[in-house]
Amino acid sequence: MAYIEPAPIKDKENPLESMMERFNIAAEKLGLSNEVYNVLKNPAKQVIVSLPITMDDGRIEVFEGIRVIHSNILGPAKGGIRFAPDVHLDEVRALAAWMTWKCAVVDIPYGGGKGGVKCNPREMSRGEIERLMRAYTTAMIDVFGPDKDIPAPDMGTGPREMAWLMDQYSKAHGMTVNAVVTGKPLVLGGSLGRTEATGRGVMVSALAAMQKLKINPFQATCAVQGFGNVGSWAAQLLEERGLKITAISDISGAYQNENGIDIQAAIQYRDGNNGTLEGFDGAEKLSDPMELLELDVDVLVPAAVEDVITIKNVDKIKAKLIVEGANGPTSARADAIINEKGIMAVPDILANAGGVTVSYFEWVQNRLGYKWTAERVNRRSDRIMKDAFDHVYEASIKYDVPMRIAAYIVAIDKVAKTYTFRGGF
């Protein structure tokens, strides 16, 4: 399945307030000055453009395009471009800020950026999408750049769209500029190891947390909600390291086998069955897909959609460890109860940062003009993810806070110190 750089799913009411709530807690713990607080709170640049596109039937339709650079304190901005009908400025601002913290928590020299075009790609032809992506790139030609702002795929976009972006940017500069975008096809400078990057990061985070909790992976059980790119890779890699995957789920439902599911068989079945597990006979189908979250397992990996662990079901969760492969799978109110129950939750900002890590590697390889082996990519991304987990865990002990707040503390502290050393304003 194609890799898509993970982007956070926002609070449905106000994504900016949702992000700021955790930012404020971490900022208070760190004792940030008003100057630093205000600089880190506000985006560095916001660009809104109108994109007139000729549709296949000859009419002209105008689309709204947005790009927000939240921060360039650590380095060039980094973040995906989403094509979706509900894209709006508050959403993009929240996602850009979230990318700042995500890059900082894994110690990557990027700031946060995010872009979007308000459209419905499902209702558009290939030609219409190409013209829209090329128009968006041209409108952002002074924003994008290998040393300024490096986009990537997100909801509604993929390697194909990134290839068009790279080509349009390169034409405007009279030379091939691979490093302007990540998430490209391999033949255009994409990186090996990228497809499995996020799932692999989930695996590394899970094993690091299990070590702290003294859970033996060879005696542990695991349930994985979501069997797309992130969930299926996480399940496969955890199984390879000894865990028994007793439940998986996708849009067709949840499937349980207490003796362990053959994940490779499940992936092969899904790939040959229009991308779903419907009819999979290697496990018993549960009557309610949400039951998967409440199973008696050691490790729970929510890798599907946002807000699946809520105030309604959090009391029924029996897992000792939650590793968030999806973005925002735990509601804020449920978070507090998880902490009260003593369940460790490795937050999305850390657990699924393997994706942006390998995006960074793609950019590095493009700058070097040299390709790394998959083994080198995996070895280096594993080390970065393990080091990031250790730093967040140490912060959670030092500040006596849950892992989620600790991740924000680590990230904000890094950006704040860098801002201070650079001299501010």
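Helices (H or I, at least four residues) and strands (E, at least two) are DSSP runs, numbered from the N terminus. This is a predicted model: local features need pLDDT of at least 70, side-chain atom pairs count only at pLDDT 80 or more, and totals for chains, interfaces and linings use all residues. Residues are numbered from 1 along each chain as its sequence is written, and side-chain values use heavy atoms, leaving out hydrogens and water.

**Stop one: α7**

Select residues 229-240, helix α7. Nine of the twelve are buried (under 20% relative accessible area, 1.4 Å probe, protein chains only). Among them are N229, V230, G231 and S232. Now show α6 (197-213), β6 (221-225) and β7 (244-250), which are among the elements covering the buried residues of α7. Then click G242, which follows α7 and has a positive phi near 110 degrees.

**Stop two: K114**

Go to strand β4 (residues 111-118), where K114 sits. An unreviewed UniProt entry places the feature "active site" at K114; such annotations may be inferred rather than shown by experiment. K114 is buried, with a relative accessible area of 0%.

**Stop three: α3 and α13**

Select α3 (residues 89-105) and α13 (residues 403-422). They pack at about 90 degrees, with axes 8 Å apart. The two are therefore roughly perpendicular (65 to 115 degrees; axes are lines fitted to C-alpha atoms over the stretch in contact, and angles run from 0 to 180 degrees between N-to-C directions). Show side chains at the contact (heavy atoms within 4.5 Å): W98 and W101 of α3 take part, as do Y408 and K414 of α13, among others.

Note on methods
Angles under 35 degrees count as roughly parallel, over 145 as roughly antiparallel, 65 to 115 as roughly perpendicular and the rest as oblique. Buried means under 20% relative accessible area, exposed over 50%, partly exposed in between (1.4 Å probe, protein chains only). The expected span of a helix is 1.5 Å times one less than its number of residues.
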